[in-house]
Amino acid sequence: MLETFYGFSGNPFLVNPDPSLYFESKGHRHAHASLKYGVQQGEGFMVMTGEIGAGKTTLVRTLLRELDPNVVLAAQIVSTQLDSDDLLRAVALAFGLPVENATKASLLGTIETFLSSLVRQHRRALLIVDEAQNLGARAMEELRMLSNFQLGDHSMLQSILVGQPELRRLMGDPSMRQLRQRIIASCHLGPLDPAETRAYIEHRLHQVGWKGDPSFEPRVFEAAHLSTGGIPRRINLLCSRMLLRAYLAREHKIGLANVTEAANEVSEDIGNETPVSNVPASPSATELRTGDVVRPFIVSSITARLDRLEKNVNTVLELVRAMASSDDRTRAGGNNGNKAKRA
Ligand SMILES: Nc1ncnc2c1ncn2[C@@H]1O[C@H](COP(=O)(O)OP(=O)(O)OP(=O)(O)O)[C@@H](O)[C@H]1O
Ligand SMILES: [Mg+2]
């Protein structure tokens, strides 16, 4: 198989959010630091947003591995359109509490008793709500109420809301004012830049024992960044395909043609998610011979876009001209009419 052929200890580009393969980009470092700071505060809400596949879950799992369970007891729920009662049930379940036949009041009681017992053991609870963009307003309100539980001066529950960019819009709603005031740390995970994309790919390869086989033409990384927009999950998908194609062709060197073909395959599979306009077209023989392969693709993609823009501008110009000449005719007709009236 592929792994044996290249001497890997495993698949370097699995799409599981596996913290043992964690790569710290500038964005991940910043988000990691703000969540860590937030957890140290021991109260309130933290919010992490990021594009689909940017690495939110991986980062949270990495953070969880670093927490001392004797101090912070963490539990995670994944929100799939929970309403307020479902949310309480999910929170109780996540902390291993009984939920069968429980009413809302009894659930609240069970959760409160449990949280106060933790505080008495000098521990605290951390709730992670993944995919929090799916939470309804009532579930959010329920979360806010839970975060109000206090024993003496100690807040009993801290939460991290993790979600796609819609979460930020949801939090911006006027009904979220009270919750917003309890946010103590917030961060957004953006895409990797071109240098990070290369470092990310190499990092994941090194984790499975890569020693330069297969080798990569340097411009492969540049093209991989262009075609994936620097989003880790897309990079994984692209690199998996690239490796598979290279393995099937028994190749030990990955070139630009491999990226192009793999990018086309991925974009056929996942539709428009891959920014197809960024994917270089297949290299022509001349471009491959010159060795300067990426730039001609970028130039040709820009040229194609300019052509499209020019066509659009011409269409608009024609429309404006047509409207202007019909205006002239109307005015001419109108003037005649006025003249007739004045006469
Ligand atoms: N910092 C990172 N280090 C290593 N791998 C990463 C990193 N960020 C993301 N990945 C990889 O990218 C893929 C997507 O990551 P993850 O599931 O964490 O993204 P997400 O932002 O939670 O996505 P979604 O919006 O779909 O929930 C996974 O395969 C993960 O291993
Ligand atoms: Mg996720």
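**Exercise 1.** How many bridges join strand 1 to strand 7, and do they run parallel or antiparallel?

*Solution.* A note on the model before we start: it is predicted, with local features needing pLDDT of at least 70 and side-chain atom pairs counting only at pLDDT 80 or more, while totals for chains, interfaces and linings use all residues. Residues are numbered from 1 along each chain as its sequence is written, and chains are lettered from A and ligands numbered from 1 in written order.

Step 1: strands (E, at least two residues) and helices (H or I, at least four) are DSSP runs, numbered from the N terminus. Step 2: two strands pair if DSSP finds at least two bridges between them. Step 3: six bridges join strand 1 to strand 7 (residues 183–189), and the two run parallel. Here Phe45 stands opposite Ile183.

**Exercise 2.** Find the other partner described for strand 1, and check its faces.

*Solution.* Step 1: strand 6 (residues 157–163) runs parallel to strand 1, joined by five bridges, with Val47 opposite Leu161. Step 2: call a residue buried if 20 or more other C-beta atoms, placed from the backbone, lie within 10 Å of its own. Step 3: in a regular strand the side chains alternate between the two faces of the sheet. Step 4: Phe45, Val47 and Thr49 are buried on one side, and Met46, Met48 and Gly50 on the other.

**Exercise 3.** Which residues of helix 9 are buried?

*Solution.* Step 1: helix 9 covers residues 194–207. Step 2: Glu196, Thr197, Tyr200, Ile201, Arg204 and Leu205 are buried. Step 3: just after helix 9, Gly209 takes a positive phi of about 85 degrees.

Definitions and conventions. Buried ≥ 20, exposed ≤ 12 C-beta atoms within 10 Å, placed from the backbone. Expected span 1.5 Å × (residues − 1).
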